[in-house]
Amino acid sequence: VYRPTDPVTNAILNVKYMISKYGDLDDPDFEPVTANEASGLYESKYPLSVGYMTPDSIYSYWGTSANPFENLNEYVLCATNEQCKSVFRQAGTFETAGNNATVTGDGYGNYQAQVQNTDETSNAYLTFAADTTQKYYLFVDASAAESITVEKSQRGDIEDIDEDYSGIENIGVVHEGETLSVDITFEAGGGGDFTAYLYRLDQAEWDRAYALLSADMLSVTEYGDTHLKGTIDAGNGGVMMTSIPYDKGWKLCVDGRERDTSCLVGDAMISVQLGGGKHDIEMKFTPQGFQAGLIITILSVLLLIADRRLYGRRHFRRRSAAPASDEPVDDSIDVI
């Protein structure tokens with residue numbers, strides 16, 4: 001199950017389609033392709049290929065912030081050579097309140113729920129009044145939470161957030177003057193420190209960033225479970241960024257020549273330096289230990305066949321050497 005998140009993350013991870021099992025997908029970044037009463041297929045407005053060109057500045061990205069929105073901002077900054085900045089902007093700070101807890105915040109997304117009676121459950125309430133109509137995104141990390149819910153005042157529906165998920169939640173469009181309420185429920189004796197960030201997408205900045213990222217993408221001509229082929233126009237040259245996490249089993253060839261796959265972006269994603277012009281790209285994946293496992297399997301089969309043949313010869317010799325007799329012979333047990 002893939003939880004709907006923000007368009008930047010979807011683009012980086014090459015998420016092109018989404019299947020909604022529970023009615024309409026309330027996300028303006030996806031367009032409906034087909035739907036019925038049970039489910040619907042939606043297509044992203046911002047698809048990136050499995051590979052796309054970026055400047056050399058992409059190698060300065062590390063993404064080590066505890067704030068996921070700042071990590072995404074940093075990625076876009078590096079991937080566009082600082083032409084685009086802050087596609088996500090902090091919406092503001094939450095008003096805080098509590099039930100059986102005193103809730104305080106430092107204005108930078110860090111909060112504390114000081115529980116009053118540890119024998120009872122407690123709640124931290126965060127509220128925000130939107131001053132503009134935009135798409136909003138929420139991140140909550142509260143390891144001691146029993147449940148987390150979000151409610152928009154004009155719609156009245158309540159959305160549950162998986163307390164173990166700790167990912168960016170797509171809140172959707174919040175209208176000017178509408179109140180967004182977050183209810184974090186702690187088990188008895190819970191509480192303590194937690195983080196909550198509320199950001200909104202700068203649509204114009206993201207559209208500009210996407211235009212740059214999607215300008216030169218890998219055109220996939222062949223693919224399967226363990227391989228893909230394609231061509232890419234690298235322009236004046238740069239770094240082909242991929243949406244593939246590093247694994248020793250990957251092999252990458254450019255114009256028929258094998259290239260190193262350990263040149264990573266953010267210490268995670270495979271990339272390769274390309275010179276100017278068009279290039280043929282091929283990637284193949286072989287699970288680690290596959291060849292050793294295959295050899296062991298083949299040897300085991302050969303040994304089994306040899307053992308069966310040896311057993312057959314011995315069994316034939318014993319039956320041939322047995323004296324003739326009118327009495328039935330019980331050969332149900334062989335002793336070798």
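A strand, labelled E here, is a DSSP run of at least two residues, and strands are numbered from the N terminus. The views below come from a predicted model.

**View 1. The second largest cavity and its lining.** Strand E15 gives the most to this lining, with three residues. The space inside comes to about 30 Å³. Around it you will find Ala142, Ser143, Ala144, Ala145, Phe186, Gly191, Gly192, Asp193 and Phe194.

**View 2. The largest cavity and its lining.** The structure holds two cavities of 30 Å³ or more, and the largest has about 50 Å³ of space. Strand E15, which spans residues 192-201, is again the element to look for: it gives the most to this lining, with three residues. Among the lining residues are Ala196, Tyr197 and Leu198, along with Gln90, Phe94, Tyr108 and Tyr111. Six of the lining residues are nonpolar and five are polar, with no charged residue present.

View 3. Threonine 242 sits in strand E18, residues 238-245. With a relative accessibility of 2%, threonine 242 counts as buried, because the cut-off for buried is under 20%.

**View 4. Aromatic rings around tyrosine 210.** The model has 12 aromatic pairs. One of them joins tyrosine 46 and tyrosine 210, edge-to-face, at 5.3 Å centre to centre and with 85° between the planes. Tyrosine 46 lies in the loop between strands E3 (40-44) and E4 (51-54), while tyrosine 210 belongs to helix H3 (residues 203-213), so this pair ties together parts that are 164 residues apart in sequence. Tyrosine 210 also pairs with tryptophan 206; their ring centres are 6.0 Å apart and their planes stand at 50°, so the pair is tilted. Both tryptophan 206 and tyrosine 210 lie in helix H3, four residues apart, or about one turn of the helix. Are these two residues buried or exposed? Tryptophan 206 is buried, at 0% relative accessible area, and tyrosine 210 counts as buried at 14%. Tyrosine 46 is buried too.

**View 5. An aromatic cluster.** Here Phe69, Phe88, Tyr137 and Tyr199 form one aromatic cluster.

Note on methods
Residues numbered from 1 in each chain as written. Predicted model: local features only at pLDDT ≥ 70, side-chain atom pairs only at ≥ 80, totals over all residues. Heavy atoms only, no water. 1 Å grid on protein atoms, 1.4 Å probe; cavity = no way out; pocket = protein on both sides within 12 Å on 5 of 7 lines; lining within 4 Å. Points joined across faces, edges and corners; volume = space filled by probe spheres on them. Nonpolar A, V, L, I, M, F, W, Y, C, P; charged D, E, K, R; others polar. Buried < 20%, exposed > 50% of the residue type's maximum accessible area, 1.4 Å probe, protein only. Phe/Tyr/Trp six-rings, centres within 6.5 Å; stacked < 30°, edge-to-face > 60°.
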